[in-house]
Amino acid sequence: MIPIIARQIFKMQEQLLGRESFSILGQLLQSEYWGRERLRHLQLERFQRIVQLAYQHTPYWRTLMDQRGLYPQTIQSLKDLQRFPFLNKEIIRNQRETMVWKDEGKRVQLVRTSGSTNEALEFYTSSTREAQINAARMRGHEWVGMQRGEKELYYWGSPVELSKQDRIKQVRDWLINDALTNGFEVTPERLKSYFAQWLTWRPKCIFGYPSTFVLTVTMAQSLGLDLTELKSSGLAMIITTSELLSDIDRELIEQGFGVPVYDSYGLREAGLIGHECSYGTMHCMDEQLFLETIDPQTLQPTEGEGELVVTNLVGPAFPMIRYRTGDIVTLSQKPCACGRTLSSVSISGGRAVEFIVTKAGKWVVGYSFIYIARAVKGIVKFQVVQEEIGAIHIRLVTNDQFPADGIEQVRAKATQRLGGDDRIEVELVDEIKPARSGKYRPVISKVAEELYLKRQF
C-alpha cells in the first residue's frame with residue numbers, strides 16, 4: 001500500500017476506536033522542544049488532574065487520600081507526589097476493581113502484562129490511555145525517520161497475534177503496511193523462508209526483541225545468508241524493545257543487517273517510557289509520565305542510578321501513581337544534540353531472555369513460555385531449565401487457583417509449543433531464586449549457550 005494512504009487508513013482506524021492518536025502526536029511534536037519549566041508546569045497540571053479524577057472516581061485512591069489527609073486541592077507542586085505511598089504489583093492485584101474508573105470513556109477494558117516470570121498484572125486501560133501510548137510510539141519512530149504508514153515488520157509473535165492471521169487481519173495489515181513474522185520459533189529452514197519473504201515485502205523497519213535479532217544474525221551467518229541485502233530492498237533501521245540491549249548486541253545486529261539499531265523502553269502497565277532519537281539518546285515521554293528513582297533497599301530518592309518509579313499522567317481510567325517498576329535506571333537532564341528538551345533514561349539493569357533448543361533444531365524464544373504459564377490459572381512464577389537436548393524442566397510457584405490437573409495442562413501446552421517429543425518435567429516449588437543480579441531468569445538453557453558459542457544451529 002502507498003504509505004500516505006496507509007497512514008490515512010490507520011488514522012481512520014484509530015478514530016473508529018475512539019483514539020485521537022494523531023492529534024496527540026501533533027501536540028507531542030511541539031512540546032518536545034518546550035523549555036524545562038514549561039514541561040514541568042504541564043506535568044503539574046496533569047498530575048493535579050489525575051489526582052482529582054482518582055479521588056472522584058476510584059474508591060481505592062479516595063480512601064488512601066482520606067487516610068493520609070491528601071486532597072486534590074492540596075496538590076500545589078510536583079513535590080507533593082512524594083506524599084503518596086509507593087504502588088506495587090501486589091496492591092494492584094488485590095485492589096484492581098477498586099482502582100478503576102469504568103465510565104472514564106471508550107473501551108475501558110481489562111488487559112494483561114507479559115510478565116517475564118509470569119508475575120503478570122491484569123489492569124484496566126482505555127482509548128484515552130492507548131491513544132497516548134500510540135502517539136508516543138509514533139513520535140519515537142519519527143525521531144529515527146520512520147513514519148506511520150511506511151512498511152514496518154514486527155518480528156516477534158504472541159500466540160494471540162499469530163492465531164489471528166486470518167484473511168481479515170491480513171487485509172487490514174496490508175492496508176496499513178504492517179506485517180508479522182514469528183520470532184518465537186526460529187530454525188534454519190524458517191529463517192531462509194523469512195529472509196526471502198522480507199526481500200519481497202521490502203520493510204523499512206523491523207521491530208522486535210534484541211535476543212531474536214542476535215540469534216537471526218548469527219544463524220544467518222552460519223547459513224550464508226547476507227542480511228545486508230535487505231538494506232538494498234529498503235530496510236533503513238532496526239528498532240528493539242522489551243529486553244536489555246547491550247552495546248555488544250547492538251553492534252552485532254547493526255553489522256549483521258547493515259542498518260542502525262534504535263532501542264525503545266516501556267512497560268505495558270506504565271506506558272512507553274523512552275525511545276532513542278537519531279543521536280542515540282533515549283528520551284523520556286515527559287508529557288505523559290513523571291519519573292523518579294529510588295534506592296530499592298531504603299526507598300529513598302536517588303540522584304544517580306536507582307529503581308524506576310513511574311506516575312502515569314494521562315491514564316485516568318486506572319491511575320498509576322508512584323508505581324515501582326523493579327527496573328534499575330539512570331535519569332538525566334543532559335542536553336541532546338537533537339535539540340529536544342525532554343529528559344533521558346539509560347537502563348542499567350533489566351530484562352533478558354534465553355532460548356530453548358528442541359530435538360528438532362527449533363530455537364524457541366523464552367517469551368513464548370509466558371503464554372503457556374498464563375493459560376493455566378494459579379501460576380505465580382515459572383522458570384524453564386534445559387540441561388540437555390531433548391529435555392526441559394519447568395518449575396512452577398502456584399497459588400490455590402492452580403487446578404488439580406495443572407501439571408498435565410502445562411506439560412501438554414509445552415509439548416504443543418515445542419512441537420516434538422522432547423521430554424518435559426514439571427515441578428511445583430515454593431520459590432524460584434533470582435540470579436546474582438537480583439533478577440529472575442525465566443529461561444536458563446545451557447544447551448543454547450553452548451550451541452550459540454559454537455555457532456551450531
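**View 1. The largest cavity has a lining of nine nonpolar residues, with no polar and no charged ones.** Here Ala, Val, Leu, Ile, Met, Phe, Trp, Tyr, Cys and Pro count as nonpolar, Asp, Glu, Lys and Arg as charged, and the others, Gly among them, as polar. Keep in mind that this is a predicted model: local features need pLDDT of at least 70, side-chain atom pairs need pLDDT 80 or more, and totals for chains, interfaces and linings use all residues. Numbering starts from 1 along each chain as its sequence is written, and side-chain values use heavy atoms, leaving out hydrogens and water. A cavity is a set of points, on a 1 Å grid over the protein atoms alone, where a 1.4 Å probe fits but cannot get out; lining residues have an atom within 4 Å of a point. Points are joined across faces, edges and corners, and a volume is the space filled by probe spheres set on them. By this rule there are three cavities of 30 Å³ or more. The largest cavity holds about 60 Å³ of space, and its lining is made up of Phe369, Ile372, Ala373, Ile379, Phe382, Val384, Ile394, Leu396 and Val410. Two or more of these residues come from each of helix H13 (368–374), strand S17 (379–388) and strand S18 (391–398). Helices (H or I, at least four residues) and strands (E, at least two) are DSSP runs numbered from the N terminus.

**View 2. The second largest cavity has a volume of about 40 Å³.** Around this cavity sit Arg129, Gln132, Ile133, Ala270, Gly271, Leu272, Gln288, Leu289, Asn312 and Val314. Helix H6 (127–143) and strand S9 (271–276) are the elements that give two or more residues to the lining, and H6 has the largest share, with three.

**View 3. Now for an open space: the second largest pocket, with a volume of about 530 Å³.** Of its 21 lining residues, Arg40, Phe290, Leu291, Glu292 and Leu331 are the closest to the centre. Helix H3 (36–57), strand S11 (289–294) and strand S13 (323–332) each give two or more residues; S11 supplies the largest share, five. By class, the lining has eight nonpolar, seven polar and six charged residues. A pocket is an open set of grid points with protein on both sides within 12 Å along at least five of seven lines.

**View 4. The largest nonpolar core has 42 residues.** Such a core is a set of buried Ala, Val, Leu, Ile, Met, Phe, Trp, Tyr and Cys residues joined through side-chain atoms within 4.5 Å. Tyr155, Trp198, Ile206, Ile238, Ile253, Phe257 and Trp363 have the most contacts inside the core. Helix H10 (residues 210–223) gives the most to this core, six residues. At least three residues come from each of domain 1 (1–350) and domain 2 (355–454), with bounds taken from an automatic or database domain assignment. Zoom in on Ile238: leaving out residues up to four places away in sequence, Ile238 touches Ile206, Phe213, Ile253, Phe257, Val259, Pro260, Val261 and Tyr262. A second, separate core of 28 residues includes Leu87, Val100, Tyr124 and Leu313. Contact means heavy atoms within 4.5 Å.

**View 5. Ser193 is in helix H9 (residues 188–201).** Ser193 is partly exposed, at 34% relative accessible area; buried means under 20%, exposed over 50%, and partly exposed in between (1.4 Å probe, protein chains only). Ser264 is 71 residues from Ser193 along the chain, and their C-alpha atoms are separated by 28 Å.
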